Structure formats: structure tokens, C-alpha cells
Amino acid sequence: MAAAGHKPEAQAQTRTLQPRELELTSIVIRILRGYRVHAGALFDRVQIEIRAEDLVSVCRILKDDNATRFKTLLCVAAVDYKDKIQMVYTLLSMEWEYTLAIKVDLPAERPEAPSLTGLWHAADWYEREAHDLFGVNFTGHPGLKPLLLYEGFEGHPGLKSFPFHEYTEF
């Protein structure tokens, strides 16, 4: 759900972007008006930060809009910052040759995000991996069964708090 009347903003971090990426930043800000969007740069790529509750609708717009056509989900990564889990979604528009990173912060105590499997089938394994390693719950996922760990594995070894030194293999 878009934040009513909220104007997307570009952060000063866009200074590292080339003209083509600055053009993408302008396009993304324009088509996502009404959403809480912070635009910036992830090295030489455009990145935006959005709220978790806006994830599906923002991704649907970015996938379907003729100016972006992000038809490919390249990668989903989770990062443990101890006080939050940050999800990073990397999208590719082969038609426009754009790459975009979307960042979403989730609370560390109960990380939950909507599943993107309804938009990209590739999200299935990425979300299962993030669930295994970081404990992220993806609402609406068709089956969050373990991908990397065995059924019944206790804990999430991608978290910084996971007790690796106390873990014993059997």
C-alpha cells in the first residue's frame, strides 16, 4: 500500500551513478510516486529502499511498466545487521538493460516479508534459502520447506547469533 502523499526522494548517494543509471533513478521515482522510496546507489547500480508492505506492489509496477520491464529476478540476498534483517532483491530488465537493487528492512526479532513467487518463480528457491539461513518468513510462499538444511534443523546458521562453536555434527 502506498504511503498517501509521500514523495519519493533520491539520496545524495546517486553521485556515483552514470547518466544512464541517473535516468533509471528518475524513471523509478516517477513511476513509484505515492510510495515511500529512498533512491541511491549500490556501487554503480541504482538501488531503492522501500517498506516491506509495499514490496509486491512496487515489484509488480517495476515488472509491468513499459519504462522499466524488470522481467527477471536475478538474486535475493539476506543480510543480518543484528538489529534488522535486510533483504536485497536484484532485478534485471533485459529489454532496457537496467539492473536495480531493492532493499527492504525487516525487524530482526520477527523477519517477515511478502513472497514474490507470484511475480517471479525464481523467488521460490531464494526465499527458501533465506528462510533456512536467516529465518525470514515469506507470507504467501507456496511451500517454505527446507532447501539447504534438513527437516528439523534447529536455528538459522546465516544469523550472526547462530552458535557455530557449540554446534556438533552427527
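How many salt bridges does the structure hold? The count comes to five in this predicted model, and the close-ups below pick out some of them.

**View 1. Arg-51, Glu-53 and Asp-54 joined up in a salt-bridge network.** Start with the pairing of Arg-51 and Glu-53, where the closest N and O atoms sit 3.5 Å apart. Glu-53 counts as exposed, because its relative accessibility of 52% is over the 50% cut-off.

**View 2. Lys-84 and Asp-105 in a salt bridge.** Here the N-to-O distance is 3.3 Å. This pair ties together distant parts of the chain: Lys-84 belongs to strand β5 (residues 84-93), Asp-105 to strand β6 (residues 98-107), and 21 residues separate the two. What about their surroundings? Lys-84 is partly exposed, with a relative accessible area of 26%. Asp-105 is partly exposed as well, at 36%.

**View 3. Glu-112 paired with Arg-110.** The side chains of these two residues meet in a salt bridge, at 3.6 Å from N to O. Arg-110 counts as exposed, because its 61% relative accessibility lies over the 50% mark.

Side chains of opposite charge can pair when their charged atoms come close.

Key:
Residues are numbered from 1 along each chain as its sequence is written. This is a predicted model: local features need pLDDT of at least 70, side-chain atom pairs count only at pLDDT 80 or more; totals for chains, interfaces and linings use all residues. Side-chain values use heavy atoms; hydrogens and water are left out. A salt bridge is a side-chain nitrogen of Lys or Arg within 4 Å of a carboxyl oxygen of Asp or Glu. Buried means under 20% relative accessible area, exposed over 50%, partly exposed in between (1.4 Å probe, protein chains only). Helices (H or I, at least four residues) and strands (E, at least two) are DSSP runs, numbered from the N terminus.
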